[in-house]
Each structure stands twice: as C-alpha cells, then as structure tokens.
Amino acid sequence: MDLTHILQYLVIAVVLIIISLVIVKLNHKNFNLEVNKLVGYLGGKDNILDTEVNMSRFKVTLKDVTKVDKDGIQKLGAKGIVEIDNQLKIIFGPDARTLKKYISELK
C-alpha cells in the first residue's frame, strides 16, 4: 500500500466520523426546550408541587390538574399518562430521570 491509498482511507475515515457526529448531534434532544414545554403543559412551574421518578415513570404532584395539557405532553413523547387525584404519572422511558433533574433545577 502506498501513501496515496493510506491518505484516501484516512480522508474517508475522517469524513465518516464527521457525518456520524452530525447525525448524533441532530438526533440529540434539546432537553431545555422539552422541559420548558413540559412545564408549560403541566400548568407552569408554580403549578408543580413535587416530582418523582420511578424507572421510566415521571410522577408529578400538581396544585391544579385542570391546567394540564395532556395532548401536549403526549406530543413530547409520553407513552402514557395516568391521573390520580392531583398527581400525574407520565411514562417517558429513559428520559424521565433527565426531565426530573431539569425541572428540579427550575424550581
């Protein structure tokens, strides 16, 4: 193998790495934007009394459940929402823990 072939393979490898990084960057969710939307759909940060996470479930205790936009929450990727009294249990999958962290920082 001569130097020309080695350089060609090196350029191809670099291009593939750059393309991979761009794809990962495009697929990465902007959690700040999602959390702001979620807080709005939950009736605002003043409506949120407490949050808990249990595996993929995100449990939120609210002052007023009637302020919640469940359709908006589902559009954010919730796989299910259960309402019990003044609490919502929202199934978000692996994102639940990260969402709780960001919401806790807002409070």
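Is Glu-52 buried, exposed or partly exposed, and what is its relative accessibility? Glu-52 has 37% relative accessibility and therefore counts as partly exposed, where buried means under 20% relative accessible area, exposed over 50%, and partly exposed in between (1.4 Å probe, protein chains only). The views below show a predicted model, in which local features need pLDDT of at least 70 and side-chain atom pairs count only at pLDDT 80 or more, while totals for chains, interfaces and linings use all residues. Residues are numbered from 1 along each chain as its sequence is written, and side-chain values use heavy atoms, with hydrogens and water left out.

**View 1. The whole protein contains four helices and four strands.**
Along the sequence these elements follow the pattern α-α-β-β-α-β-β-α; helices (H or I, at least four residues) and strands (E, at least two) are DSSP runs, numbered from the N terminus. Of the 107 residues in the protein, 27% are buried. The protein exposes about 7400 Å², of which carbon and sulfur atoms supply 59%; accessible areas come from the Shrake-Rupley method with a 1.4 Å probe, and for residues only the protein chains shown count as cover. Among the contacts with a separation of 6 or more, 55% are accounted for by residues 24 or more positions apart, contact meaning heavy atoms within 4.5 Å.

**View 2. Four strands form an open sheet in the order S1-S2-S4-S3, with antiparallel pairing.**
The edge strands are S1 and S3, each of which pairs on one side only, and neighbouring strands of this sheet are turned by 20 degrees against each other on average, direction ignored. Helix H4 (residues 96–106) packs on the sheet, where it touches S1 and S2, and its direction makes about 150 degrees with that of S1. For such angles, axes are lines fitted to C-alpha atoms, for helices over the stretch in contact, and the angles run from 0 to 180 degrees between N-to-C directions.

**View 3. Strands S1 and S2 form a hairpin with two residues between them.**
Strand S1 (residues 48–54) and strand S2 (residues 57–62) run antiparallel and are joined by six bridges; two strands pair if DSSP finds at least two bridges between them. In the turn, Met-55 has a positive phi of about 60 degrees. Lys-59, at 21% relative accessibility, counts as partly exposed.

**View 4. A salt bridge joins the side chains of Glu-83 and Lys-70, with 2.6 Å from N to O.**
Glu-83 lies in strand S3 (residues 80–84) and Lys-70 in helix H3 (residues 70–75), so the pair ties together parts that are 13 residues apart in sequence. Glu-83 counts as partly exposed at 40% relative accessibility, and Lys-70 counts as partly exposed at 33%. The structure holds two salt bridges.

**View 5. Ala-96 belongs to helix H4 and is buried, with 0% relative accessibility.**
Not counting residues up to four places away in sequence, Ala-96 touches Val-53, Met-55, Ser-56, Arg-57 and Phe-58. Although Ala-96 and Ser-56 are 40 residues apart in sequence, they are 5.6 Å apart in space, C-alpha to C-alpha.

**View 6. Asn-47 lies in the loop between helix H2 (31–41) and S1.**
With a relative accessible area of 2%, Asn-47 is buried. When its neighbours within four places in sequence are left aside, the residues in contact with Asn-47 are Leu-42, Thr-61, Leu-62, Lys-63, Asp-64 and Lys-67.

**View 7. Leu-3, Ile-6, Leu-7, Leu-10, Val-14, Ile-18 and Val-22 make a nonpolar surface patch of about 650 Å².**
Patches are made of residues with over 30% relative accessible area and no salt bridge, like charges being joined within 9 Å and nonpolar side chains (Val, Leu, Ile, Met, Phe, Trp, Tyr) within 5 Å. Leu-7, one of the residues of this patch, lies in helix H1 (residues 3–27) and counts as partly exposed at 47% relative accessibility.

Key
A salt bridge is a side-chain nitrogen of Lys or Arg within 4 Å of a carboxyl oxygen of Asp or Glu.
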